[in-house]
Amino acid sequence: MSLKYSFIIPVYNRPDEVAELLESLTLQRLQDFEVVIVEDGSSIPCKAVCDSFTEKLTIRYFAKENGGPGPARNYGAERAEGQWLIILDSDVVLPPDYLSAVEQELRSNPCDAFGGPDRAHPSFTPIQKAINYAMTSFFTTGGIRGGKKKMDKFYPRSFNLGVRADAYRALGGFSPMRFGEDIDLSTRIFKAGYRCRLFPDAWVWHKRRTDFRKFFKQVHNSGIARIHLTLRHPGTLKLVHLLPAAFTIGCVCLLLGGLICWWLWLPLLAYALLVFVDATLKERSLKVGLLAILASFVQLIGYGTGFLRAAWRRYVLHSGEFEAFTENFYQ
């Protein structure tokens, strides 16, 4: 009898994180799955870590030349044996009921693909918690990453994405895009008529970037990718995608105007206060609340500047797709 689930996990220089993820998989209450690890040209491989779990998990390890996360996931999917492929990032940890929640959702309301939200673990650093807030709060992303309040329908992300194996292969898997490739796949899932839903209880702990410099690079690339996705899939640009660019332009105008009329800074101070109060209450930490202010501005301005940069190059200069900070993609 074939396995029902295959976890596909691309890895690049993260053996310690892989160990945490694999340990969380051993604790799953539902065990009808295999784990497919794809080492994507790492200089610090995780094979020894994977070998240490061979008695606890049905796990297979593959190594390939570096090609980015999308091709690595496709490589793993080609070799997977499960009826369902669950794509995870290597920097997530699963709660024990994760797969049980997936199974329950599929039995109660079948679909072809799904995604789940992410959370910050109590052990995460204050910066990680602040960045998690910035990436999940309605006041920064409009709830499009799995929140209960949403300004657009939910598109599964590659840190927590499930899809029927036959549907994945029919769609050709992930495209060669190095940024936004998960939204590209989610968009093609919807376009092909497959049923795709948010599974709110199938959440993961997601470590994300560990400092604001890396976080800025991540979200800046996401802003660039949004323009590429809009040109690949006309009609997919929504109001929520424009808000970070509008916020960025607004910040510049208010900061410059505040040099003449100080009260023009009040909207920015009001927004910072809103974020501080909301993050402090959610995380029960004044420090996280303060850091969340910086994280939120980095998230919005990083995405907004990437969006504006790509819009200028693609629409005005008529250049092709491009990337930023490619040398730091996995860092």
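Guide: Let's start with a side-chain pair: aspartate 184 makes a polar contact with serine 175, side chain to side chain, at 3.3 Å. A polar contact here is a pair of N or O atoms within 3.5 Å; within protein, one must be able to donate a hydrogen and the other to accept it, and residues adjacent in sequence count only if both atoms are side-chain atoms. Keep in mind that this is a predicted model, where local features need pLDDT of at least 70, side-chain atom pairs count only at pLDDT 80 or more, and totals for chains, interfaces and linings use all residues. Residues are numbered from 1 along each chain as its sequence is written, and side-chain values use heavy atoms, with hydrogens and water left out.

Aspartate 184 sits in helix α8, residues 181–191. Helices (H or I, at least four residues) and strands (E, at least two) are DSSP runs, numbered from the N terminus. With a relative accessibility of 2%, aspartate 184 counts as buried, a word that means under 20% relative accessible area, while exposed is over 50% and partly exposed is in between (1.4 Å probe, protein chains only). Leaving aside residues up to four places away in sequence, aspartate 184 touches Ser175, Met177, Leu229, Arg232 and His233; contact means heavy atoms within 4.5 Å.

Now for the sheet. It is open and mixed, with 7 strands in the order β3-β2-β1-β4-β8-β6-β9. Strands β3 (59–64) and β9 (196–198) are at the edges with a single partner strand each, so one side of each has no neighbour in the sheet. Two strands pair if DSSP finds at least two bridges between them. Strand β6 (residues 113–115) and strand β8 (residues 160–164), for instance, pair antiparallel over 3 bridges, and glycine 115 faces leucine 161 in β8. Helix α4 (residues 98–108) packs on this sheet, touching β1, β2, β4, β6, β8 and β9.

Aromatic rings come next: the whole structure has 12 aromatic pairs. Rings of Phe, Tyr and Trp (its six-membered ring) pair if their centres lie within 6.5 Å; planes under 30 degrees apart count as stacked, over 60 as edge-to-face and the rest as tilted. Phenylalanine 62 and tyrosine 75 have ring centres 6.1 Å apart and planes at 75°, so they are edge-to-face. Phenylalanine 62 is in strand β3 and tyrosine 75 in helix α3 (residues 69–79), so this pair ties together parts 13 residues apart in sequence. At 18% relative accessibility phenylalanine 62 counts as buried, whereas tyrosine 75, at 21%, counts as partly exposed. Tryptophan 84 and phenylalanine 114 have centres 5.8 Å apart and planes at 45°, so that pair is tilted. Both tryptophan 84 and phenylalanine 114 are buried.

A charge sits over a ring if NZ of Lys or CZ of Arg is within 6 Å of the ring centre and within 35 degrees of the ring normal. Elsewhere, the charged end of arginine 313 sits over the ring of phenylalanine 322, 3.8 Å from the centre.

Methods: Axes fitted to C-alpha atoms, helices over the stretch in contact; angles between N-to-C directions.
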